[in-house]
Amino acid sequence: MEQTQPQRIAYFDVLRILATFAVIVLHLSAQHWADTDVYSRAWQAFNLYDSAVRWAVPVFVMISGALFLSGSQSIGHILKKNVSRLVTAFIFMVNFEGCPTNLILQQFLNGHYHMWFLFMIVGLYLIVPFLRPIVRDEKLLRYFLLLTLIFTFLLPQIASAVSLLSWQYCAEFKALTGKFYYHFTLGFVPYFVLGYYLVRKEFSLTAKRVLYALGVLGFVLTVVLTSFASRLQGAATELFYGYDSLNVLFVCVGLFVFAKEHLNFPNLSEKCHRCIRALSRWSFGAYLVHPLFIESFDIFLHFNTLSLNVFFSVPLLTLIIGALSFLVSALLHQIPFFKKYFV
């Protein structure tokens, strides 16, 4: 989500814009996802939209990984320019939400529901100097990605599948795999490294078609398995929504490769590319403020995703809230102080 980069890559800008709107879709879909009957059409609509945008946060991370792991910024530079900017943005949001001074520390530790991303990305920035030697050695990079596939995606996916049959067997399987005490490639580190790898990897036409097909399959599996698991348990479950799910990984890889191949738009005019770059610069600020609009619409206007047919309300609210969020971010960018330290 950060804008620091050695050179401008068009499809990164397009992905940032799309991912920002996708996050809005995700949060709108989650608004009443847990308290809606899993057998209703409304819940199925929420599930469909939510499943369609699980790629948003991983793609933000993949872009950051591609940029930071290919760069030469020192850890001091990263701390001073990138981490400090995220910290000030967090503090700005806490105060913008009207948090009393005596609760700022508590809010800083807890934050709004979307602010976890800032803590996570800071953690990734801090280990950039350790990851660079790995990604710049082809054999180490492939070995690292193999470990991520096994420990971050495959084993948790097996546990999820087993849980549908027996929670006892699932617990025993997790206890067994937990004996490794393995953490090296967990969390969002795989996506951070994967972004670097996919930018540099050239795929054959057949390989690209396979990745696209897996991406579509991943989306279908997310919808179907989430619906099946939720009905089986009698309540909405995020079992197959996790960023460590193979189905979500398939979507992220397929979409990222598709963007690399098709979303550079070389035939667009320079004026259009300037508009895309501007929207990309405003995406971070839009991400920060969009929950304020979601909650304001619900609290003050009594308008949320259940006010209309869900199939219609989610995209409608996404367009309105997305436009307002980008507008606020654009206005903040006109103020030098906010542009430098917050958005």
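The model is predicted. The protein has 15 helices and zero strands. Its radius of gyration is 20 Å, close to the 20 Å that the globule rule gives for 343 residues, so the protein is as compact as a globular protein of that length.

**Overall dimensions and packing**

- The C-alpha trace spans about 55 × 55 × 50 Å along the principal axes of the protein.
- Of the 343 residues, 51% are buried.
- Among contacts with a separation of 6 or more, 82% join residues 24 or more positions apart.

**Surface and charge**

- The accessible surface of the protein is about 16400 Å².
- Carbon and sulfur atoms hold 68% of that surface.
- The protein carries 25 positive and 16 negative side chains.
- The centres of these two sets are 11 Å apart.

**Thr237, in a loop**

- Thr237 sits in the loop between α11 (205-233) and α12 (246-262).
- Its relative accessibility is 10%, so Thr237 counts as buried, the cut-off being under 20%.
- The Thr237 side chain reaches the backbone nitrogen of Leu239 at 3.2 Å.
- Setting aside neighbours within four places in sequence, Thr237 is in contact with Trp33, Thr226, Ala229 and Ser230.

**Thr152, in helix α8**

- Thr152 belongs to helix α8, which covers residues 138-165.
- Thr152 is buried, because its relative accessible area is 5%.
- A polar atom of the Thr152 side chain lies 2.7 Å from the backbone oxygen of Thr185.
- Not counting residues up to four places away in sequence, Thr152 touches Leu147, Thr185, Leu186, Gly187, Pro190 and Asp244.

**His333, in helix α14**

- His333 is part of helix α14, residues 310-333.
- With a relative accessible area of 11%, His333 is buried.
- A polar atom of the His333 side chain lies 3.5 Å from the backbone oxygen of Arg281.
- His333 and Cys272 are 61 residues apart in sequence. From C-alpha to C-alpha, they are 19 Å apart in space.

Methods:
Residues are numbered from 1 along each chain as its sequence is written. This is a predicted model: local features need pLDDT of at least 70, side-chain atom pairs count only at pLDDT 80 or more; totals for chains, interfaces and linings use all residues. Side-chain values use heavy atoms; hydrogens and water are left out. Helices (H or I, at least four residues) and strands (E, at least two) are DSSP runs, numbered from the N terminus. The radius of gyration is taken over C-alpha atoms; the globule rule is 2.2 Å times the number of residues to the power 0.38. Buried means under 20% relative accessible area, exposed over 50%, partly exposed in between (1.4 Å probe, protein chains only). Contact means heavy atoms within 4.5 Å. Accessible areas come from the Shrake-Rupley method with a 1.4 Å probe; for residues, only the protein chains shown count as cover. Lys and Arg count as positive and Asp and Glu as negative; His and the chain ends are not counted. The place of a charge is taken as NZ of Lys, CZ of Arg, CG of Asp or CD of Glu. A polar contact is a pair of N or O atoms within 3.5 Å; within protein, one must be able to donate a hydrogen and the other to accept it, and residues adjacent in sequence count only if both atoms are side-chain atoms.
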